Amino acid sequence: MIIRKLKLKLNKTQEQQLDTWLWRLTGVYNWAIKKIENNAKNKIYFSKYDFQNLLAGHGKKIDIPSHAIQGVLIQAYTAWERCFKKMSRKPRLKGVRNKLNSIPFPDPIKPPEGNKISIPGMGKVRFHKQDIPEGAIKCGRIIKKPSGWYLCLWIDTVHTFPVKKTKDEVGIDPGFSTLLTLSNGEKIENPRELRKGAERLAQAQRAGDKKLVARLHERQANKRRDRNHKISRKIVENYKKIYYSKDNFSELARTHGKSVSEAGLGQLISTITYKGSACDREVIPVDSQFTTMTCSVCGSRTGPSDWDKLAVRQWNCACGAQHDRDINSARNVLLAGAGSALKATGKNRGN
Ligand SMILES: [Zn+2]
């Protein structure tokens, strides 16, 4: 499954129509959030199937494709489900500050003809020309961004590319000061553009320019996605088995909070995982306890022990080995991965 994002070329009427839909769907979403909350107080719970059909027949009344309404109901249902499972906080109502900015189309969409695509309830819409891979379009979502309207398409196809014939293995240590460190000593840094962008974003935030902040956020997200595609492709091309430390990663998220999600490490890892599985590579998460403090040469735990010592970049082991903290860690990930590969269940376990 791959995702393609088309930039739409809408006329005024179409834009107004979508704005109206967003506005009405905000009402639907909030109604659904409140309904689930109130019913839960009375111990009434719905199945996903029942809930998504709760407003069946209302589509005509509010002049929105009924599948889009279903999609929003599922979105609200999932938000509560995640909250009930303690995976996220209580869902917030949508409004001025927390805008609903997308319209789901949970059903298959016909492939475009030329640079026009049919959107349910809207008819043909033009988009900026772009190649779209062959394959059935499973579903779509219209998204309103600071730079305009987009249509995301989920296309059922496997995105493969030629890879090197190799049995090489690599350990990856995702980090914060260095984006990824490989067990061969290679360090992959954030591209300059992305760092520059972060500075500009911070400036705009200090200046309180909301519109600019929104635009820069969007641009940063695009750059990050682009970076993730390039890096993941390169790694998948060159290695047969790819081990990455997962604990490091969640630990980082805990200690650094937002800055890690900003770094897009999770997205990077999942991009490596799905590209790897498409190209018949094995991408395996490795339990990375002690990877930082263990000496990759002699195996004794003489290195920096916790996250307070994040500042320690270099250290020497009693055995005489001189270590770069991240490279040592990546080597340990490779060692742990290769050693425990039998224990890890199958290939391409999720992230
Ligand atoms: Zn040592």
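Predicted model: local features only at pLDDT ≥ 70, side-chain atom pairs only at ≥ 80, totals over all residues.
Residue numbers start from 1 along each chain as its sequence is written.

Let us begin with the domains, whose bounds come from an automatic or database domain assignment.

| Domain | Residues |
|---|---|
| domain 1 | 2-156 |
| domain 2 | 169-340 |

Taken over C-alpha atoms, the centres of domain 1 and domain 2 are separated by 33 Å.

Next comes a sheet. Strands here are DSSP runs (E, at least two residues), numbered from the N terminus, and two strands pair if DSSP finds at least two bridges between them. Six strands form an open sheet with antiparallel pairing, in the order β2-β5-β6-β1-β4-β3. β2 (102-105) and β3 (116-119) are at the edges with a single partner strand each, so one side of each has no neighbour in the sheet. The partner of β2 is β5 (residues 136-145), joined in the antiparallel sense over four bridges. Phe 105 has Gly 140 in β5 as its bridge partner.

Is Gln 314 buried or exposed? Gln 314 is exposed (12 or fewer other C-beta atoms within 10 Å of its own, with C-beta atoms placed from the backbone), because it has 10 of them within 10 Å. Beyond its neighbours within four places in sequence, Gln 314 is in contact (C-beta atoms, placed from the backbone, within 7 Å) with His 323, Asp 324 and Arg 325.

Terms used. Buried ≥ 20, exposed ≤ 12 C-beta atoms within 10 Å, placed from the backbone. Contact = placed C-beta atoms within 7 Å.
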